[in-house]
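Please open the structure in the viewer and keep the selection tool at hand.

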Amino acid sequence: QVQLVESGGGLVQAGGSLRLSCEASGRTFSAYGWFRQAPGKEREFVAAISRSGSSLSYVDSVNGRFTISRDNAKNTVYLQMNSLKPEDTAVYYCAADSKRIGVKRADYEYWGQGTQVTVSS
């Protein structure tokens with residue numbers, strides 16, 4: 001049974017940092033992505049990484065502040081979030097798929113339950 005379990009969310013002041021983790025069990029995935037959903041908004045793409053880590057993609061609003069990485073030995077993907085802003089407040093979801101990385105929800109077959117990130121001003 002495939003499971004993606006996120007951790008690392010919490011409350012942080014603007015300008016602070018958080019590191020999200022997502023551990024996958026049940027199988028190994030080629031592509032991982034992070035998405036987020038703020039209250040009243042659509043779930044949006046944040047970042048994605050390929051199996052080797054050579055292909056990366058970020059939404060413009062987090063480029064230069066967030067870094068996605070993975071540890072294939074641990075079946076874990078990370079999202080390091082620095083210089084956090086109140087507009088980064090959202091539930092963050094980990095997603096995984098056996099194909100190439102993508103930026104759309106439909107590109108990912110498996111999803112975690114989400115972890116709340118709240119950035120206070």
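Which residue in β11 does Ala90 stand opposite? Select Ala90 and then Val117: these two residues face each other, Val117 lying in β11. Please bear in mind throughout that this is a predicted model.

Next, select residues 90-97, which make up strand β9. Of the eight residues in this strand, seven are buried.

- Select residues 115-120, strand β11: the pairing of β11 with β9 is antiparallel and comprises three bridges.
- Select residues 110-111, strand β10: β10 and β9 are joined by two bridges, again in the antiparallel sense. Here Trp111 of β10 stands opposite Ala95.

While the side chains are displayed, recall a general rule: in a regular strand, side chains alternate between the two faces of the sheet.

Finally, display the side chains of Cys22 and Cys94. What do Cys22 and Cys94 form? They form a disulfide, with 2.1 Å between their sulfur atoms. Cys22 belongs to strand β3 (residues 18-25) and Cys94 to strand β9, so the pair ties together parts that are 72 residues apart in sequence. Are Cys22 and Cys94 buried or exposed? Both cysteines, Cys22 and Cys94, are buried. The count for the model comes to one disulfide.

Definitions and conventions:
Residues are numbered from 1 along each chain as its sequence is written. This is a predicted model: local features need pLDDT of at least 70, side-chain atom pairs count only at pLDDT 80 or more; totals for chains, interfaces and linings use all residues. Side-chain values use heavy atoms; hydrogens and water are left out. Buried means under 20% relative accessible area, exposed over 50%, partly exposed in between (1.4 Å probe, protein chains only). Helices (H or I, at least four residues) and strands (E, at least two) are DSSP runs, numbered from the N terminus. Two strands pair if DSSP finds at least two bridges between them. A disulfide is a pair of cysteine sulfur atoms within 2.5 Å.
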